Protein chains: 2
Amino acid sequence: MKWPITTIGFDADDTLWHNENLFEAHHRKYCDLLSEYHDASTVEKVLYETEMQNLELFGYGIKGFTLSCIETAISLTNGEIKAEEIRRIIEHCRNMLSHPVELFDDVEPVLEQLSSRFRLILVTKGDLRDQERKIAKSGLAPYFDHSEVVSDKTVESYARVLERANVPVDQFVMIGNSLKSDILPVLNLGGHGIHIPYRITWEHERVEKTPHEHDSFYQLESIAQLPDLVDTIVVGSNA
Amino acid sequence: MKWPITTIGFDADDTLWHNENLFEAHHRKYCDLLSEYHDASTVEKVLYETEMQNLELFGYGIKGFTLSCIETAISLTNGEIKAEEIRRIIEHCRNMLSHPVELFDDVEPVLEQLSSRFRLILVTKGDLRDQERKIAKSGLAPYFDHSEVVSDKTVESYARVLERANVPVDQFVMIGNSLKSDILPVLNLGGHGIHIPYRITWEHERVEKTPHEHDSFYQLESIAQLPDLVDTIVVGSNA
């Protein structure tokens, strides 16, 4: 069954550019900082628990993550951590926020090619200013007709985005690295999804089952494969 | 000259509900925390400098403010501040984020009355999740046709909001407590502005001159006066 697509949605972090690798590097430094108190697996476990407790209030993004890192460091050291070490955690935060945007290979030619035939929209979640800064730094904004930063990616938030962008859901396919955030809510809404996994998946984004049997789902290894897949599955395409 | 208004934009923090009073209370506690090291005016001055240095990277909102508070406390105490005191700063952050929304008097009847004759939109700046939470808690969402959280309020960001909401600028009036963020960019764009000052204006939002002579500007003391002013100045109104 071919898909009647007019609009392609792209996630940004870990779909168009590297992001989780910054957190991975930060986690390493953070575990080193606390290594005289606890082993890395304890640090990781307690940090994740703190992040999950704070998620509803702090939301996604580097600033909330940094506050969770500081809180965890204080609790894991029973308040022994030095102010200078906390200052270094904030310095890491600043480095992450000001890090250059590293595009994946092939992103730009793929967007250029697809933007001549489809309306492209960008749907990212997280901190508003940080996401806007990355979109600006990426140089990719001209390929997108519309971009939305949402505080979470749920069935409701996609419904709102599609309503604002005036896109019927059956004409929409979302491309992203997270099954939980980019694919499943869109499939549940009646749209289509193409999953391109990243090397690292944050524990919070993991789901048990990939919806391989779903008619509106595909999985690719790289964004470079996207134009060929689109040629094959979209109604009215030449292939 | 009457204004051809079809759409009324509202700022939220300190226009529909109290916000700056939370920061004021936080500042008092913060100065108390550091009172054994410095007097309150030094603490305020250095905190403000830190906030301004961090603004481009951290943006507006409680989480960035909290990171600036922690950094300032470390620097003002030469690293002597205890981890437990930093934990209390994060606890204040959590209290601010989870604080109930306290509407101003008369907001609800005013919005109800105006929403029957105009399209109302909400334009707030700051942290995406925090603003969304406050909009939800306020119970005011049903009066608004459209709401946008922006990372800054500039001529460009208003132009984008009005384009997305499909509103011609000369048919738009913005209501808010900040001349800098709510009024001047909209006047510069060719729209109209009604300023309703709050008891406290954050130093960063202060401007030198109120544009009293501008044809598209009014100032009120309270939102309760808004329907009468609208009756007087809008084209096609009954007054």
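Two residues count as in contact here if their C-beta atoms, placed from the backbone, lie within 7 Å. With that in hand, let me start with the interface.

This is a predicted model, with ipTM 0.91 and pTM 0.92. For chain A the mean pLDDT is 94, and 99% of its residues reach 70 or more.

The contact between the chains takes 27 residues from chain A and 27 residues from chain B. On chain A, four helices each supply at least two residues of the side that touches chain B: helix 2 (40-58), helix 3 (62-76), helix 4 (83-97) and helix 6 (128-138). Helix 4 of chain A gives the largest share, eight residues. Sorted by class, that side of chain A has 13 nonpolar, six polar and eight charged residues.

How are the two copies related? Chain A superposes on chain B by a rotation of 180 degrees, with 0.0 Å of shift along the axis and an RMSD of 0.0 Å. The copies are thus related as by a two-fold rotation axis. As for the surfaces, 100% of the interface residues of chain A are also interface residues in chain B, so the copies meet through the same surface.

Next, the sheet, which I will describe in chain B. Six strands of chain B form an open sheet in the order 3-2-1-4-5-6, and the pairing is parallel. Strand 3 (146-150) and strand 6 (217-219) of chain B are the edge strands, each pairing on one side only. From one strand to the next, the twist averages 20 degrees.

Last, a helix pair in chain A. What is the crossing angle of helix 7 (residues 155-165) and helix 8 (residues 179-189) of chain A? Their axes cross at roughly 70 degrees and come within 9 Å. Helix 7 and helix 8 of chain A are therefore roughly perpendicular to each other. From helix 7 of chain A, the residues in this contact are A:Val155, A:Tyr158 and A:Ala159; they meet A:Pro185, A:Val186, A:Asn188 and A:Leu189 in helix 8 of chain A. Of the residues in this contact, six are nonpolar, one is polar and none is charged.

Note on methods: Residues are numbered from 1 along each chain as its sequence is written. Chains are lettered from A and ligands numbered from 1 in the order in which they are written. This is a predicted model: local features need pLDDT of at least 70, side-chain atom pairs count only at pLDDT 80 or more; totals for chains, interfaces and linings use all residues. Copies are superposed by least squares on the C-alpha atoms of residues with pLDDT of at least 70 in both. Two strands pair if DSSP finds at least two bridges between them. Axes are lines fitted to C-alpha atoms, for helices over the stretch in contact, and angles run from 0 to 180 degrees between N-to-C directions. pLDDT is the predictor's confidence in each residue, from 0 to 100. Ala, Val, Leu, Ile, Met, Phe, Trp, Tyr, Cys and Pro count as nonpolar, Asp, Glu, Lys and Arg as charged, and the others, Gly among them, as polar. Angles under 35 degrees count as roughly parallel, over 145 as roughly antiparallel, 65 to 115 as roughly perpendicular and the rest as oblique.
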